[in-house]
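Work through the exercises below with the sequence and the model open. Each task is followed by a solution in steps.

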Amino acid sequence: MSRIPTRLFVIVAVSVAVGLAMAVSPFASSSPDGLNKVAEDKGFIDAGKLHSLQQDSPIPGYAFPGIENERVAKGVAGLVGTLGVFAVAYGAAYLLRRRGAPSARSATTASS
Amino acid sequence: MPDLPFAMHIPDGFLSGSIAAAAAVLAIAAVGYALKVADRDLDEDRVPLLGVLAAFIFAVQMLNFPVAGGTSGHLLGATLAAVLLGPWLACLVMAVVLTAQAFVFADGGITALGANVLNMGVLGALLAGFLLGGAMRMLPQTRGAFLGAVGAVAWLAVMIGATATSLELAASDTIPLDTALPAMLGVHALIGIGEAVITVAAVSAVLASRPDLVAMKVPDERAAGALRTREV
């Protein structure tokens, strides 16, 4: 069995993730999840509140602002979020590995 | 709940300040250690894999599936990340996903972020790392046994997260433990089945395409060819 190249693996996997977030998530269950259901049933859901830092969240509740259609708004939020966390985690890993590699470390020191 | 958007993780207000702070200390300690040892586990192929796992877990967490009684559940992902990346890199991935959800999507509180990272990320990832290593020493060295163990651990990781959440809610005087625990464990026993199915499917897909990207030691069936012949 021949192994597929890493780059192809990454492209396929991220495409699957983007596809799920864009095209499937708008049709996901909108019932409350486990914790929220328990909070509703046991009467402490109203204790939950938004932190002041979240009042102006860019994409509150997975609904991309300015889009009327709820499903489209969620699909766009899924696209942006999936690519965003991909970039952040990839970038963090890249920096962490550079820090760990002795040659990269000396190169960084020399250039700074 | 006037101003809460459709939230899924622990929002602010459910936990007392001291419990939220205690959970945050534990989460920060785990993520800090993970950052310290990250370069040990990060070979060249795993750098993009961290991004892939974060993207996949974020996406699949948006896919709430219905479970009994007007309730839904979604993947947590810690077991999947731990199997593919090892437990410490898994903690980092979960921290990235949950932090983005809190700050960008208002999903999960800011003061509760430590508790969410602890319950849905750190505990599951470390449990998976610990239990899977032990399980594979005792189980037959086959891919089927490995995937079975992955599924069982994925289910258990959800139950551990639900237990931790119940303990934190009770210690915060939000709800008594004897009310919280049965309710949380009851619904998460079902959600955990979804977690197990998705985790096993995703690990199977990676084993089929790039088995070398699976960090947890997977039985090499070619080396154990005699064993496999006997099974057939």
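**Exercise 1.** Find which residues B:Val47 is in contact with, leaving aside its neighbours within four places in sequence.

Solution. Helices are DSSP runs of H or I with at least four residues, strands are runs of E with at least two, and both are numbered from the N terminus. Then judge burial, where a residue is buried if 20 or more other C-beta atoms lie within 10 Å of its own, exposed if 12 or fewer, and partly exposed in between. B:Val47 has 21 other C-beta atoms within 10 Å and is therefore buried. Finally, compare sequence and space: B:Leu85 is 38 residues from B:Val47 in sequence, and their C-alpha atoms are 10.0 Å apart.

The model is predicted; local features need pLDDT of at least 70, side-chain atom pairs count only at pLDDT 80 or more, and totals for chains, interfaces and linings use all residues. Residues are numbered from 1 along each chain as its sequence is written, while chains are lettered from A and ligands numbered from 1 in the order in which they are written.

**Exercise 2.** Describe how helix H3 of chain A and helix H2 of chain B cross.

Solution. The axes of H3(A), residues 70-100, and H2(B), residues 46-61, come within 7 Å and cross at roughly 155°. Angles under 35 degrees count as roughly parallel, over 145 as roughly antiparallel, 65 to 115 as roughly perpendicular and the rest as oblique. H3(A) and H2(B) are therefore roughly antiparallel. The contact is made by residues including A:Gly78, A:Gly81 and A:Tyr90 of H3(A) and B:Val47, B:Gly51 and B:Phe58 of H2(B). Sorted by class, this contact has 14 nonpolar, 4 polar and 1 charged residues. Here Ala, Val, Leu, Ile, Met, Phe, Trp, Tyr, Cys and Pro count as nonpolar, Asp, Glu, Lys and Arg as charged, and the others, Gly among them, as polar.

**Exercise 3.** State how many residues each chain gives to the contact, and which element of chain B gives the most.

Solution. Chain B gives 62 residues and chain A gives 58. On the side of chain B that touches chain A, H2(B) gives the most, with 11 residues. The residues of that side divide into 41 nonpolar, 15 polar and 6 charged.

**Exercise 4.** Summarise the fold of chain A.

Solution. Chain A has 4 helices and 0 strands, and its pattern along the sequence is α-α-α-α. Buried residues make up 34% of its 112 residues.

Methods:
Axes fitted to C-alpha atoms, helices over the stretch in contact; angles between N-to-C directions. Contact = placed C-beta atoms within 7 Å.
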